Amino acid sequence: MGYRNDADRLFGIYESSGKLEDYVAANKTYEKMIESGNYSNQDLLEYALLQDYHSMYYVKKAIGLYNKIIENGKETRDDVYYKSQSQLIVLLARNNRSHESIDKYKQMVKDEPDNYRAYDLLHQAYFWAKQYDDAWLALEAAMKFEPNNAGLLSDAGYVCKALGRYDEAIDFYDKAFAINSDDASTLYGKACLFMDTGRDEEAIMAWQDVIDWNNSHGFSEANKWPETEIAKRKKKLISEK
């Protein structure tokens, strides 16, 4: 039958080669076709498939870069080394590969039983796999080494929220913020917990805390979300009277 058009031909080439330059050529042709308005649903399907297939190129590239950072940082083990592992855990989870992270950090815990970071990374792997009970056990082990670590306490808030232990989550958020008030993630976490559990009045106060923090730290441009949520909660409360 042959190709229906030039875009179809270029898509076929990319599908076979997977090369970046073939993606660029096909993508440019599809963009021109869409702009012209002369396309079919089959063309849109192939254009979507082109983007779908090419997204894996960037996933593979990101995984390779994270692994290179981790390899390069084995000796120094600085913050970038651990941050890269955390980001890799999330990326693998998005691609249904959490089992790789879990296996990796189970082994790390065995190899480094006195390294709280190993337990922390294992908790993250379980958390992103939505295995929250296991995530809590690993995080609890990390906190035995670092009971006043604000990052771990903040994470404990998120894990407790996922487990439905809301009062505990709030306590952990408060403890984390008391130790490190320069990190607003705990304020956001607390506001989202109140919002997600229908505690509207408390959510309004929590979102106001976020706004106050943003204003005092030069992040007033980030207030659109909390302001929107406050308006929604107030409107809801009025409608319920």
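Helices here are DSSP runs of type H or I with at least four residues, numbered from the N terminus. With that in hand, let's walk through this predicted model. Read along the sequence, the pattern is α-α-α-α-α-α-α-α-α-α-α-α, which comes to 12 helices and 0 strands.

Taken along the principal axes, the box filled by its C-alpha atoms is roughly 65 × 60 × 35 Å. Of the 241 residues, 40% count as buried. If you look at contacts between residues at least 6 apart in sequence, 47% of them join residues at least 24 apart.

Now let's turn to how helices pack. Two packed helices are described by the angle between their axes and the distance between the axes. Start with helix α1 (residues 6-17) and helix α3 (residues 41-72), whose axes come within 11 Å and cross at roughly 25 degrees. Angles under 35 degrees count as roughly parallel, and α1 and α3 are therefore roughly parallel to each other. Their crossing is left-handed. On the α1 side, the contact is made by Asp8, Phe11, Tyr14 and Glu15, while α3 brings Glu46, Leu49, Leu50, Tyr53 and His54. Sorted by class, the contact of α1 with α3 has 5 nonpolar, 1 polar and 3 charged residues.

Further along the chain, another pair is worth a visit. Helix α5 (residues 98-111) and helix α6 (residues 116-128) pack at an angle of about 160 degrees, and their axes are 9 Å apart. Since an angle over 145 degrees counts as roughly antiparallel, α5 is roughly antiparallel to α6. The crossing of α5 and α6 is left-handed. From α5, Ser98, Ser101, Ile102, Tyr105, Lys106, Met108 and Val109 take part, and they meet Ala118, Tyr119, Leu121, Leu122, Ala125, Tyr126 and Trp128 of α6. By class, the residues of this contact between α5 and α6 divide into 11 nonpolar, 2 polar and 1 charged.

Let's finish with a single residue. Arginine 233 sits in helix α12 (residues 224-240). Is arginine 233 buried or exposed? Its relative accessibility is 12%, and buried means under 20%, so arginine 233 counts as buried. Which residues does arginine 233 contact, leaving aside its neighbours within four places in sequence? They are Met195, Asp200, Ala203 and Ile204.

Conventions
Residues numbered from 1 in each chain as written. Predicted model: local features only at pLDDT ≥ 70, side-chain atom pairs only at ≥ 80, totals over all residues. Heavy atoms only, no water. Axes fitted to C-alpha atoms, helices over the stretch in contact; angles between N-to-C directions. Helix = DSSP H or I, 4+ residues; strand = E, 2+ residues; numbered from the N terminus. Parallel < 35°, antiparallel > 145°, perpendicular 65-115°, else oblique. Left-handed = near helix turned anticlockwise from the far one by under 90°. Contact = heavy atoms within 4.5 Å. Nonpolar A, V, L, I, M, F, W, Y, C, P; charged D, E, K, R; others polar. Buried < 20%, exposed > 50% of the residue type's maximum accessible area, 1.4 Å probe, protein only.
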